[in-house]
Amino acid sequence: MVQDQVLRFNLNADVLAKRVFWGCLGFELFIVVLDIFVNHYEWSPISSIRRMVNITREDSLSNWFSSYQTITVGLILWTTAAAVRNQARDIGGPKKEFYCWAILATFFVYMGIDDAIRFHERIGNAFGRVLSYMEKSFGAGILNHIHEAFPSYNWQMVFGPFFLAMGVFLLWFIWQQFSASKLRYLLLAAVCLYAVAVGLDFVEGLDTYPYEGIADYFSTTEDHVEHMSKALEEFLEMFGTTIFLT
């Protein structure tokens, strides 16, 4: 007589979360080190290798990792949304929480795809060209005046209100879901890292070059300071996603 065999295993969520956190953080620091030394300081004489680890390029190792990590967060949020919907169905409760989780899941999946194809940057550039064409054809309107007054990248003018609204919504909803103060502090840290990264990007797009004083203080070139700023920006985005994933 053959007895049924059942495979059982235990999954320690705390241990898994810590391993995911330190694994992702270690890989992100590794990406930054590769970019600074192999690419920026040209430790490798091969241009294709430098482009591969250039943290500012769309076809780089950092962009691949950042995109997949963000999409992973979105997929996990979708599984959370599905579990919440099934729970609400079983107890006959409201589905408001499901829709909130679904909105966040969709947002993170979108952000992962956006990061991979630089959607918001390209739409921002297209927006600027359309405004220029409209100004030549029909004269300057309100949007043209706002565009001329806006000091940084076009995409921040176009997508900034949407990203700000989603950040506030994320903070408000997840804060309610987390009862432990430690999780709330981690949520605040992740949102703050995103905000600082966007702030660095805003500074990079200013009409007046912002790196001259920093370069003089550290006795280096403005190109070095600008690249380090971009590397820090990309690292903060990845690290913020890692915290949220954890």
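The lining of the largest pocket in this predicted model draws at least two residues from each of the helices α3, α4, α5, α7, α8 and α10. Helix α7 makes the largest contribution to that lining, with 10 residues, and M111, H120, W155, V198 and E237 are the lining residues that lie nearest the pocket's centre. By class, the lining of the largest pocket comprises 17 nonpolar, 11 polar and 11 charged residues.

The second largest pocket is lined by at least two residues from each of α1 (13-40), α3, α8 and α10, and here the largest share, seven residues, is supplied by α1. A17, I243, F244, L245 and T246 lie nearest the centre of the second largest pocket, whose lining has 17 nonpolar, two polar and three charged residues. The table sets out both pockets.

| Pocket | Volume | Lining | Largest share of lining |
|---|---|---|---|
| Largest pocket | about 1200 Å³ | 39 residues | α7, 10 residues |
| Second largest pocket | about 850 Å³ | 22 residues | α1, seven residues |

Helix α4, which contributes to the lining of the largest pocket, runs through residues 96-117 and has 22 residues. From its first C-alpha to its last, α4 reaches 32 Å, which is close to the 32 Å expected at 1.5 Å a residue. The buried residues of α4 are F98, C100, W101, A102, L104, A105, F107, F108, G112, D114 and D115, and what covers them includes α3 (61-91), α5 (119-138), α7 (154-177), α8 (181-204) and α10 (222-245).

When residues up to four places away in sequence are not counted, S229 touches L200, E204 and Y211.

Most residues other than glycine have a negative phi. Directly after α4, however, R118 takes a positive phi of about 55 degrees, although R118 is not a glycine. E42, likewise a residue other than glycine, has a positive phi near 55 degrees. R118 is found in the loop between α4 and α5, whereas E42 is found in the loop between α1 and α2 (47-53).

Which of the terms buried or exposed applies to R118, and which to E42? R118 is buried, because its relative accessibility is 9% and the buried class takes in values under 20%. E42 is exposed, because its relative accessible area of 52% falls in the class defined as over 50%.

Terms used
Residues are numbered from 1 along each chain as its sequence is written. This is a predicted model: local features need pLDDT of at least 70, side-chain atom pairs count only at pLDDT 80 or more; totals for chains, interfaces and linings use all residues. Side-chain values use heavy atoms; hydrogens and water are left out. Helices (H or I, at least four residues) and strands (E, at least two) are DSSP runs, numbered from the N terminus. The expected span of a helix is 1.5 Å times one less than its number of residues. Buried means under 20% relative accessible area, exposed over 50%, partly exposed in between (1.4 Å probe, protein chains only). Contact means heavy atoms within 4.5 Å. On a 1 Å grid over the protein atoms alone, a cavity is a set of points where a 1.4 Å probe fits but cannot get out, and a pocket is an open set with protein on both sides within 12 Å along at least five of seven lines; lining residues have an atom within 4 Å of a point. Grid points are joined across faces, edges and corners, and a volume is the space filled by probe spheres set on the points. Ala, Val, Leu, Ile, Met, Phe, Trp, Tyr, Cys and Pro count as nonpolar, Asp, Glu, Lys and Arg as charged, and the others, Gly among them, as polar.
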